[in-house]
Structures are given as C-alpha cells and as structure tokens.
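Please examine the sequence and the structure before reading on.

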Amino acid sequence: MNKLKILYLEDSEDDINLVSWVLKNSNLDYELITVDTRADFEHYLSSETVDTILSDHTLYQFNSRDALKIFKEKQLDCPFILVTGTVSEEFAVEILKDGADDYVLKDRLQRLPLAIENALKKKENEKSKNKVNLENQLILQLLNNVSDEIYVMHSDTLNFTYTNQGAINNLGYSKEELLGMTPFDLKPNISHAQFREMVAPMVKREQETINFQTVHKRKDGSIYPIEVVLKYQDINGQTYFVATARDISERLATEHKLQRLNFELQNSNEELAKLASVASHDMREPLRMIKSFLDLLERKYGQDLDDKAKTYIHYAVDGAERLTALINDLLTYVRIDGNDSQIKNVDCNEVLNEVIELYGSVIEEKNAKIQSALLPTIRGKKIPIKLVFQNLINNALKYHAPEVKPEIKIKAKSLPDHWLFSISDNGIGIEKAYHEQIFHVFRRLHPKNEYGGSGMGLAIAKKIVEQHQGEIWVESEKGENSTFYFTINKTL
Ligand code: ADP
C-alpha cells in the first residue's frame with residue numbers, strides 16, 4: 001500500500017509540530033504536506049492527489065469553511081477533517097452538514113489517527129456502495145430496455161415482487177397492478193396445481209431451469225403466445241422464481257407460414273412429378289406405335305421405296321428412339337424421391353463393377369481404360385447411387401475427341417462428415433461458364449450429331465446426390481479433361 005498522503009492546512013508552527021508528533025506515534029504510514037494559504041491549498045489540490053485533508057479552522061485571510069467549499073467544488077472523494085481549537089456544538093454540526101467528515105479538537109489530538117482511519121473506511125464503504133448502486137441502476141435499466149417480459153416472484157405466495165417495463169408494455173397493466181398479481185392472473189391455461197407440478201424438479205434442485213410455451217392474457221383480454229424460461233433462485237436466503245417470457249406471435253406466424261409453404265411445395269412437387277410421370281408414361285405407348293409402324297413400313301415396303309424415302313424413315317425412327325430415351329430419363333428424374341426407407345450399406349466397388357459391366361461393349365469398342373482406387377461402403381440408396389456413377393462414367397466415356405482413348409480414374413476420400421468421390425477423364429473439358437448450367441435439366445453443350453444425349457444425366461446425378469445430403473460439381477477447363485466430384489453424407 002502506498003504512503004497515505006495527508007494535506008494539512010495550518011499556519012501555526014506549533015500545531016504542525018504537534019500533529020506531526022501525534023501521527024508519528026500512530027500506526028499510519030503517511031506523508032504530511034503542509035500548506036498555509038488559500039493559493040497553496042488550491043494549487044496543491046489541482047496538481048496532486050491527496051488521500052486525506054486536515055484543516056485548521058481559522059487561518060490568515062482563509063478559513064476551514066472556504067477550504068471545504070474548494071474541496072467540494074473539486075469533487076474530491078477523500079476525507080476532510082477539521083482540526084481545531086474549541087468550537088461550539090452548533091458549528092460542529094454545521095461543518096459536518098457542509099460535508100466535513102469529522103472534527104478533532106486540538107486538545108484531544110490523540111484521537112486524530114483513529115479519526116483519519118475511520119474517515120478513510122467510511123469513504124471506502126461509500127465508494128463501494130455507490131458502485132453497487134450504479135451497477136444496480138444499470139441492471140435495472142437494462143432489464144427495462146429488453147422487450148422480453150421479466151418477472152421475479154416469491155416462491156411461496158407466487159406474488160410478483162418485480163416486473164420490468166417489457167411486461168408493462170406487453171400486458172397493458174401498470175407496474176402497481178402487476179405487483180399485486182400472480183402468474184395465474186396472466187396465464188389462463190395454467191392452473192396452480194399444474195404450475196406446482198411443473199416447477200417441482202427445480203424446487204427439488206434436480207433441474208436448473210424449465211422452458212415451456214403457453215399464452216399470456218393482456219389487460220384488454222387479448223391473448224398472445226409466449227415462451228417462458230423459469231429459474232428457481234435463492235436471493236438473500238429467500239427463494240424466488242425468476243421468469244422471462246418472450247412474445248412468440250411473430251415466430252409462430254412465420255413457422256406456420258413456412259409449414260404451409262412447405263406443404264404447398266410438397267403438394268405441387270408431388271403433383272408435378274405425378275403429371276410428368278403420367279404424361280411421359282402415356283407418351284411411351286404412342287411412341288412405340290410410331291416406331292413399330294415405321295419398322296413395318298420399312299420391312300413391308302422397303303423394296304418399293306427409293307433411298308430418299310428410306311433416309312426419311314431412318315430419321316423418323318432415330319427421332320422416335322431419342323424421344324423414348326428422353327422420356328425414360330425424364331421419368332427417372334421425376335421418380336427420384338426423398339424416401340429414406342431404402343437407405344442401406346452400399347459397397348461402391350460392387351456398384352462400379354456393375355456399371356463397368358453395363359458399359360462393357362462401349363469400353364471395349366473405345367478401348368477405354370478405367371482405373372479405380374478401393375472404394376468405401378457407404379450409407380445410401382443403391383440404385384440411385386449406381387445411377388450417379390453410371391451417368392458420370394457414361395459422360396466420361398462419351399465426351400472425348402474421336403482419336404483419344406478414354407482414360408477414367410475413380411477415387412474416394414473420407415472427409416469428417418462426408419465421403420468425397422471423384423471421376424476424372426481425359427476428355428474435351430468444359431468451359432468454366434457452363435460449370436453450373438450443365439447440372440440443369442436438359443442443358444447440353446453439344447449438338448446431337450456431335451455427341452448424343454438427353455441433357456438429363458447430370459441433373460439426375462445432382463438430384464440423387466442432394467438427396468444423400470451431398471453436393472456435386474466439376475473442375476475443368478475447355479479442352480482440358482474434367483473431374484466431377486460428389487459428396488455423400490456419412491450419417492444417413
Ligand atoms: P447429356 O450427356 O445427356 O447431354 P448430361 O446432363 O449428362 O447430359 O451432361 C450435360 C452436358 O454437360 C453435356 O451435354 C456435356 O456438354 C457436358 N458434359 C457432361 N459430362 C462431361 C464430360 N465428362 N466432359 C465434357 N463435357 C461433359
């Protein structure tokens with residue numbers, strides 16, 4: 001602790017010596033500075049910090065009253081003690097009222113050290129009390145600034161002992177009205193017995209807080225939904241319930257709206273899928289008819305037709321076949337559903353082997369090379385997962401320059417929450433501008449005569465991957481190979 005800096009306003013040499021002697025013989029660790037004029041007193045207080053002021057009552061052209069005035073003007077928070085000869089009782093009362101902390105008579109100077117200590121203690125207490133008061137005021141202000149309702153209630157009577165401004169604003173009752181109420185005056189849906197049952201785990205100290213939803217009734221009778229957090233708390237040896245209630249009308253309205261929108265979306269999705277499914281299913285029959293009659297026409301009357309007619313028939317058959325493939329892909333796309341019941345362990349090595357077998361003749365014909373690392377067994381739906389591999393490998397076998405033999409590499413990597421698969425090729429690559437678009441339905445970058453296809457393969461793969469809570473993307477540059485990546489959530 002630093003030395004106590006005591007400023008002593010005194011013009012009598014004898015008194016200074018006397019006070020010095022008394023202080024020296026006390027337990028105080030101090031430094032005594034003496035001043036004897038108003039100017040010095042003021043100057044010292046402006047330039048230095050002081051822990052205690054001692055003041056004589058009458059000095060040359062100056063007195064303790066004026067000194068006290070200066071002390072107060074400067075708003076100093078150290079003790080001010082008058083050290084004086086005999087004074088009247090009225091004067092003593094007055095000077096204490098004016099703000100002095102104590103007075104010590106010169107013929108009882110031995111009391112001075114204790115007077116200083118007591119005054120210092122008193123100031124210290126005042127300071128911490130002021131700090132607590134300030135903190136309390138701030139807390140109360142903060143509690144009043146929140147829009148949530150806050151209540152403190154006695155745990156036995158359940159009478160509110162505190163409510164904040166939020167409660168007053170929301171309910172329309174005045175503070176005085178609320179302080180005469182209990183929660184049951186506000187919560188029409190909760191009875192006393194229900195409340196006691198709800199709070200029992202907290203009272204038995206088995207639970208810290210409880211949360212529940214109910215409604216509040218305003219003074220005007222209107223009702224609004226609230227979410228309550230209730231705490232059981234000891235405050236100065238007495239138990240209270242502290243409740244925070246939040247008006248959740250807006251949140252519930254948004255939730256309901258979202259639910260309704262979701263419901264509508266699901267309905268319209270289902271309807272769309274049904275429509276697409278029925279339409280494409282029903283289109284297949286007339287298509288089959290077109291194709292069979294074209295075949296019949298060619299077989300029966302082929303010899304009577306010239307080359308031009310035969311070419312027309314060929315185009316018509318090709319068109320019908322492409323339309324059939326497109327309808328099949330569209331059907332596949334709309335039938336991919338979010339039903340999780342078929343999620344099982346899927347060995348991706350097995351899936352890949354089945355796909356390679358499926359494309360056996362193409363692989364042979366193109367002299368393609370497919371290399372795969374050991375793939376994991378994942379959680380997922382086998383047939384859709386196979387479709388993802390199938391579409392990506394089909395594209396890797398398809399989109400290459402005529403003179404290039406396709407080389408395809410398949411890898412898998414374990415990430416914290418997902419499996420990451422990659423399928424890379426040595427094909428024609430994809431310009432950056434199309435990296436997103438190619439995953440859209442019917443989006444193709446090439447005319448049919450260059451590379452055949454329906455433009456559905458990547459859209460199908462994307463839909464399946466997303467249903468497995470994963471993502472799909474491509475890294476590629478035009479003319480420079482492509483790597484397709486997709487992830488599958490590990491915890492399906
Ligand atoms: P499709 O192959 O039937 O046209 P996809 O949806 O599978 O339809 O692919 C969309 C488009 O993306 C393709 O038309 C093609 O232009 C491009 N593409 C897909 N895979 C590759 C690939 N491995 N290399 C180059 N381009 C590709």
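**The five-stranded sheet**

Two strands are said to pair if DSSP finds at least two bridges between them. The model discussed here is predicted. In this model, 5 strands form an open sheet with antiparallel pairing, in the order β9-β8-β12-β11-β10. Its edge strands are β9 (160-163) and β10 (209-217), each of which pairs on one side only. From one strand to the next, the twist averages 25 degrees.

Within this sheet, strand β8 (residues 149-154) and strand β12 (residues 238-247) run antiparallel and are joined by 6 bridges. His154 stands opposite Tyr240 in β12.

**A helix across the sheet**

Helix α8 (residues 192-203) lies across β10, β11 (223-235) and β12. Relative to β11, helix α8 runs at about 40 degrees.

**Strands β13 and β15**

Strand β13 (residues 344-347) is antiparallel to β15, and 4 bridges join the two.

The side chains alternate along strand β15 (residues 377-380).

**A nonpolar surface patch**

Which residues make the nonpolar surface patch of about 300 Å²? The patch is made by Met289, Phe293 and Leu296. Leu296 is found in helix α9 (residues 249-301). With a relative accessible area of 37%, Leu296 is partly exposed; patch residues must have over 30% relative accessible area.

Definitions and conventions:
Residues numbered from 1 in each chain as written. Predicted model: local features only at pLDDT ≥ 70, side-chain atom pairs only at ≥ 80, totals over all residues. Heavy atoms only, no water. Buried < 20%, exposed > 50% of the residue type's maximum accessible area, 1.4 Å probe, protein only. Axes fitted to C-alpha atoms, helices over the stretch in contact; angles between N-to-C directions. Contact = heavy atoms within 4.5 Å. Patch = residues over 30% accessible without salt bridge, like charges linked within 9 Å, V, L, I, M, F, W, Y side chains within 5 Å. Areas by Shrake-Rupley, 256 points an atom, 1.4 Å probe, with all protein chains shown as cover. Salt bridge = Lys/Arg side-chain N within 4 Å of Asp/Glu carboxyl O.
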